[in-house]
Amino acid sequence: MKFTLSWLKDHLDTTASVDEIAEALTDLGLEVEGIENPLATLEKFTLGKVKHAEQHPDADRLRVCIVETDEGDKQIVCGAPNAREGITVVIAKPGDYVPGIDVTLSVGKIRGVESHGMMASERELELSDEHTGIIELPSGEVGESFADWLAKNQPEKVDPVIEIAITPNRPDALGVRGIARDLAARGLGTLKPMKEAHVEGTFPCPINVTIDEDTREHGCEVFMGRLIRGVKNGPSPEWLQQRLKAIGLRPISALVDVTNFFTYDMNRPLHVFDADKIRGNLRVHRTKGGETLVGLDEKEYTFPEGAVVISDDEEIESIAGIMGGLRTGCTEETTNVFLEAAVWDPIQIAKTGRALKINSDARYRNERGIDPAFNAPGLELATQMILELCGGEPSEVVQAGAVPDTDRAYKLDTDRVQSLVGMDIPAEEQRRTLEALGFRLEGDMAHVPSWRPDVQGEADLVEEVARVASLTKLVGKPLARLHVGVPKPVLTPMQKRENMARRTVAALGYNEAVTYSFIDKASAELFGGGSDATMLENPISSEMSHMRPDLLPGLLQAAARNQARGFMDLALFEVGPAFDGGEPEDSQLQIGGLLVGATAPRDPYGSRRPVDIYDAKADAEAVLSAIGAPARQMIQRNAPAWWHPGRSGQISLGPKNVLATFGELHPKVLERMGVKGPAVAFTIWPERVPFPKAKGATRPALTASDLQPVERDFAFVVDADVEALTLVNAAQGADKKLIESVRVFDEFHGPKAEAQMGAGKKSLAITVRLQPSDKTLTDAEIEAVSQKIVDKVAKATSGVLRG
């Protein structure tokens, strides 16, 4: 939205400078995007007087002038035909930048004669396109600033142009009147009274207007117009042309320029039809689809079904609220004009504009909403201006539909400014602010003006008061503590656990990935999901149709993309939710890790090997330890179907509370996901790890024994299918108080083992560490514990000591 300072002063009586106005507008929420101030570029140029002028000795069209300046007499060579003695001119000195020719002057020689500067033309100073001669001023003193002289004598040539950004909720600021109203409420001047007009029609309008029934609702609420006959269309007056040019509009003709003027002046889009080209009456209706119209921009548009248009008795003549048609457009030959003003449905205007890909000033304003109460006054004011500029005789006004009732009121609670915004504004000042913005107050009820469709509640009243008072006056204050003393931790225990897990996995060498919570149905079914309960109603794409049942699908997809780009060895992890259903309670936090390829880069030391189940198991146990899982855990085989059935396991507390799953992924899953193995992974459910019973931050006392520990080795012959963990757990349970640890240090199996121990047999060797706490163990006590270990293992595995 552009406007000039003089245009603003048509509505606002103010002495504020351009900088003060710009600062206030930005503070009011109407952000200033740019200021074009000609005075800034002209401030270095001064006035001079030609004391003597003579013919250049070596050029017929050049004259050598002696010019009196504020720095003394200067010799200037000039080629203008009007350069002569006695005239007052504008001087550009060496070192000055001349914008019209994009040159910084310096002392130079022209045909052998030295010239100290130049005498400028209007085009060289970007004041107009005039360049037939240099500027001649009727008055002015030598040395006077040219910018100051223009401001006093020809202010329209140095009128600053301000451009502001308008948010969609402020259509009232799309007119200069609305901007002036905001500034007046801020205190930067006084809003001038609204112009009024009432033009009596002298004859019935021969063109009638109607709105189809299906268009009255969500299409066109009111359509008004009148015929003005006997007009003389031609160029608009200089003041109107200058105003339109200043904001970047091209003057066309008086009739069209009047409509453009009201579009920017009062945010009141209008349209003029050449009445002689209208066949019959005008009708507002919806299109059936496929109709065409050549617009004023000379482009042909094909309408979709349901667009709102204006037709005469034969064909469509205008795209309602967006653009007129070329056939009924006004030209210099127009003598009878039909002036139209209507209130259109903003959503309908936006839909039609997008469908036809038209961006016009009328669409920009109508789709944001205009003041419906100003429909008739705007028509009267535009009629008055047309009569003043073009003459003619107006008809009576014809109308279809009714002006919509936008009257609404909200209670003004002056105390809510403090609670909602945190500003202390006196009640009387709040009331004055709203009245200055056009609100009508009746007791505590504030009636919203028709030009403010954005005000829809009591909180909006508070916003208006605070906006005008300036939010820059807000003083930052720390929030008061709810409770006295040391504040409680910000993070919950689970959030702390999540952060610890994330740091631990990263420290193990994994790279964190953040994948979508949505995956395709086929991938979800591979990991036990893909049901209707997790299906999205409106997915982004077919590849994001279901909530993920596990973190591994996203990690495998990331691995496949990396392998496709040549990165074969990967260590990825993610911390996030997985979903069993569509309800909030059906989500659970997971920690997922994926290892693909080899453990290390190639080197001459043989440290590179394929990743295996034990890498995943070790990493899972490290994470569980870091987040506080109990040290004694069970390892079970019952992993889900997407894990390798013989190379995977579950870490659990008891048979039902599964804390983690680890192992190799099933080869068919890797093939379906496009990942080249080997690939091992782990999934941890941190919410299943019990929190410690002690709530305090105090650590338990360190229990360290000063007695010598004892280690004993046992080798058992067991069946080949006996798991080492079964044997270890049995030995551990022989004396839970005395046995500190049990670990496997050897396994002897295969043909040689069976040759020595029998078919289907193997040997497992364990080390048992005994740690006494009150006295040194005797040989008898050690033998007693050893016998308990042998008995427990024999009972659990049917194993015997190896001879």
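Visitor: Which residues form one aromatic cluster?

Guide: This is a predicted model, where local features need pLDDT of at least 70, side-chain atom pairs count only at pLDDT 80 or more, and totals for chains, interfaces and linings use all residues. Residues are numbered from 1 along each chain as its sequence is written, and side-chain values use heavy atoms, with hydrogens and water left out. Rings of Phe, Tyr and Trp (its six-membered ring) pair if their centres lie within 6.5 Å; planes under 30 degrees apart count as stacked, over 60 as edge-to-face and the rest as tilted. The aromatic cluster is made up of Trp7, Trp239, Phe261 and Phe262.

Visitor: How many residues apart in sequence are the parts that phenylalanine 223 and tryptophan 344 tie together?

Guide: The structure holds nine aromatic pairs. One of them joins phenylalanine 223 and tryptophan 344 edge-to-face, at 6.2 Å centre to centre and 70 degrees between the planes. Helices (H or I, at least four residues) and strands (E, at least two) are DSSP runs, numbered from the N terminus. Phenylalanine 223 lies in strand β16 and tryptophan 344 in strand β24, so the parts tied together are apart in sequence by 121 residues.

Visitor: Is phenylalanine 223 buried or exposed?

Guide: Buried means under 20% relative accessible area, exposed over 50%, and partly exposed in between (1.4 Å probe, protein chains only). Phenylalanine 223 has a relative accessible area of 0%, so by that cut-off the residue counts as buried.

Visitor: What is the N to O distance in the salt bridge of aspartate 719 and lysine 761?

Guide: A salt bridge is a side-chain nitrogen of Lys or Arg within 4 Å of a carboxyl oxygen of Asp or Glu, and the count by this rule comes to 47. The side chains of aspartate 719 and lysine 761 meet in such a bridge, with an N to O distance of 2.6 Å.

Visitor: In which strand does lysine 761 lie?

Guide: Aspartate 719 lies in strand β39, and its pair with lysine 761 ties together parts 42 residues apart in sequence. At 25% relative accessibility, lysine 761 counts as partly exposed. The strand that holds lysine 761 is β41.

Visitor: Which residues are linked in a network of salt bridges?

Guide: Side chains of opposite charge can pair when their charged atoms come close. Here the salt-bridge network links Arg170, Asp172, Asp182, Arg452, Asp454, Glu464 and Arg467.
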